[in-house]
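Work through the exercises below with the coordinates open. Each task is followed by a stepwise solution.

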Amino acid sequence: QGKSNSHFVHWLKNTPSKGGSQSPVLGALIDHLQISMIPALVLLPLLLRVAALHCLLGIIILTALPSLVLWYYYATHKKKRRTLFFLTLALYSLAYMYYLFITEILPRGDVSQLQLCTVTSGMIFTIISLINTKRSPGFVTSSLYEAHTLKQEANKDTTHTNGSVQSAASSSATSTTKDSLKAKWSRCSVCKIIRPPRAGHCRTCGSCVQRLDHHCIWINSCVGQANHRSFLLTLFVFLLTSLYGISLVLGSICPRQYLVTALFYCPGVYSQSSTALCFTCAWYSSIVTGGLLYLLVVQVLNISFNVTEREAQLALRNKTGQSRLWGLVVDTGEYSRGFCQNWVDFLTMADVSASSRSSLTDLV
Ligand SMILES: [Zn+2]
Ligand SMILES: [Zn+2]
């Protein structure tokens with residue numbers, strides 16, 4: 001059985017490199033694109049200006065652009081490597097949309113000072129929250145397990161000093177809980193580190209992350225225990241700012257229509273190049289916002305069921321979870337303690353690691 005086990009580990013280790021060597025042409029192409037794509041971002045304003053020339057050109061470019069980015073996303077995702085391209089694209093788009101808002105929409109005089117202030121603060125808040133998210137996802141360190149064992153030994157000592165029959169009963173109880181906790185802590189075959197339950201190894205970052213949710217290619221970082229809440233906040237603030245910005249733009253270039261109607265039917269919008277550019281950018285922002293809104297819905301549902309994206313993927317592969325709400329969420333039922341308690345757990349989870357860290361400093 002040991003032989004088959006080592007075989008399995010060998011297979012696990014070899015799979016990613018095999019996947020990479022399967023198509024060296026594609027790999028080289030991606031490597032080349034990796035370097036050349038970032039300066040190519042200068043093309044984005046140009047593409048948007050071309051898309052603003054005619055509504056047919058707009059449809060072609062606005063469907064081709066997201067498809068190209070999605071193709072590039074899956075290609076890099078398969079190779080499991082870090083890339084700055086998506087973060088650069090996101091920040092560049094954000095800056096360019098804001099620049100157009102200031103230079104094209106503001107001079108039209110439909111936007112009040114307060115509305116401009118709201119959009120600007122939303123932008124600043126999004127950037128601050130993004131920087132906060134990028135700080136650290138909460139990597140697993142060897143001191144984490146040391147702190148965990150020290151804490152348990154401390155627990156054991158206190159139960160021993162209690163004396164009498166009660167202590168015997170409680171110490172046997174703690175030893176069983178210790179065994180069950182020990183079983184949940186697992187060893188990563190790549191990092192050679194003992195990690196807490198729900199931690200996962202990210203092949204892109206090359207290390208284990210506490211309560212790993214997923215590796216987000218858009219921020220070029222993992223989303224884990226330490227930054228999951230600020231990741232959600234960034235997403236939420238960005239979506240509010242973006243939806244508000246789009247509504248201001250459409251209200252300015254298409255004042256006679258309802259907001260949602262204006263996006264699909266806005267007569268005479270292509271008669272003026274400035275209005276056409278703003279309309280195209282409103283569409284570009286709407287596509288991005290739509291994609292991120294879907295991500296936010298999935299995230300909110302995952303938290304409500306206390307499932308991480310990694311656990312959902314594993315449950316789908318091993319067929320251990322139950323698909324709920326038209327497949328938007330996979331309920332594993334492993335950690336779920338009811339809707340309210342799940343949110344309390346999520347909002348207070350960083351405190352758990354903080355207390356374990358402080359207990360370590362107390363002990364050492
Ligand atoms: Zn690992
Ligand atoms: Zn990662």
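**Exercise 1.** Is Ser142 buried or exposed?

Solution. Work on the predicted model. Count the other C-beta atoms within 10 Å of Ser142: there are 12. The cut-off for an exposed residue is 12 or fewer. Ser142 is therefore exposed. Ile194 is 52 residues apart from Ser142 along the chain, and their C-alpha atoms are separated by 7.0 Å.

**Exercise 2.** Summarise the chain and its confidence.

Solution. Start with the secondary structure, which comes to 13 helices and eight strands. Then take burial: of the 364 residues, 24% count as buried. Then contacts: among those with a separation of 6 or more, 65% come from residues 24 or more positions apart. Now the confidence. The average pLDDT is 80, and 78% of the residues score at least 70. Residues 1-22 have a pLDDT below 50, and this stretch has seven contacts beyond near neighbours in sequence. Residues 163-183 also fall below 50, with 11 such contacts in the model.

**Exercise 3.** At what angle do helices H3 and H11 pack, and which residues make the contact?

Solution. Take H3 as residues 43-51 and H11 as residues 273-304. The axes are 8 Å apart, at an angle of about 115 degrees. H3 is therefore roughly perpendicular to H11. The crossing of H3 past H11 is right-handed. On the H3 side, the contact uses Leu48, Arg49 and Ala51. H11 contributes Leu277, Thr280, Cys281 and Tyr284. Sort these by class: five are nonpolar, one is polar and one is charged.

**Exercise 4.** Repeat the analysis for helices H5 and H11.

Solution. H5 spans residues 85-105. Its axis comes within 11 Å of that of H11, and the two cross at roughly 150 degrees. H5 passes H11 in a left-handed crossing. From H5, the contact residues are Ser93, Met97, Leu100, Glu104 and Ile105. From H11, they are Ser274, Leu277, Cys278, Cys281, Ser285 and Val288. By class, the contact holds seven nonpolar, three polar and one charged residues. An α-helix has 3.6 residues a turn, so residues three or four places apart point the same way.

**Exercise 5.** Which residues of helix H12 are buried, and what do they pack against?

Solution. H12 runs over residues 309-318. Its buried residues are Arg310, Glu311 and Ala312. They pack against strand E3 (200-202), strand E5 (214-216), H11 and strand E8 (329-331). Then step past the helix end. Lys319 follows H12, and its phi is positive, near 55 degrees.

**Exercise 6.** Lys192 and Arg211 both call for a look at phi. Where does each lie, and is each buried or exposed?

Solution. Begin with the background. Most residues other than glycine have a negative phi. Lys192 has a positive phi, near 55 degrees. Lys192 is found in the loop between strand E1 (186-187) and strand E2 (194-195). It has 8 C-beta neighbours inside 10 Å, so Lys192 counts as exposed. Now take Arg211. Its phi is also positive, at about 45 degrees. Arg211 lies in the loop between strand E4 (207-209) and E5. Arg211 has 26 C-beta neighbours inside 10 Å, so it counts as buried.

Definitions and conventions
Residues are numbered from 1 along each chain as its sequence is written. Chains are lettered from A and ligands numbered from 1 in the order in which they are written. This is a predicted model: local features need pLDDT of at least 70, side-chain atom pairs count only at pLDDT 80 or more; totals for chains, interfaces and linings use all residues. A residue is buried if 20 or more other C-beta atoms lie within 10 Å of its own, exposed if 12 or fewer, and partly exposed in between; C-beta atoms are placed from the backbone. Axes are lines fitted to C-alpha atoms, for helices over the stretch in contact, and angles run from 0 to 180 degrees between N-to-C directions. Helices (H or I, at least four residues) and strands (E, at least two) are DSSP runs, numbered from the N terminus. Angles under 35 degrees count as roughly parallel, over 145 as roughly antiparallel, 65 to 115 as roughly perpendicular and the rest as oblique. A crossing is left-handed if the near helix is turned anticlockwise from the far one by less than a right angle, and right-handed if clockwise. Two residues are in contact if their C-beta atoms, placed from the backbone, lie within 7 Å. Ala, Val, Leu, Ile, Met, Phe, Trp, Tyr, Cys and Pro count as nonpolar, Asp, Glu, Lys and Arg as charged, and the others, Gly among them, as polar. pLDDT is the predictor's confidence in each residue, from 0 to 100.
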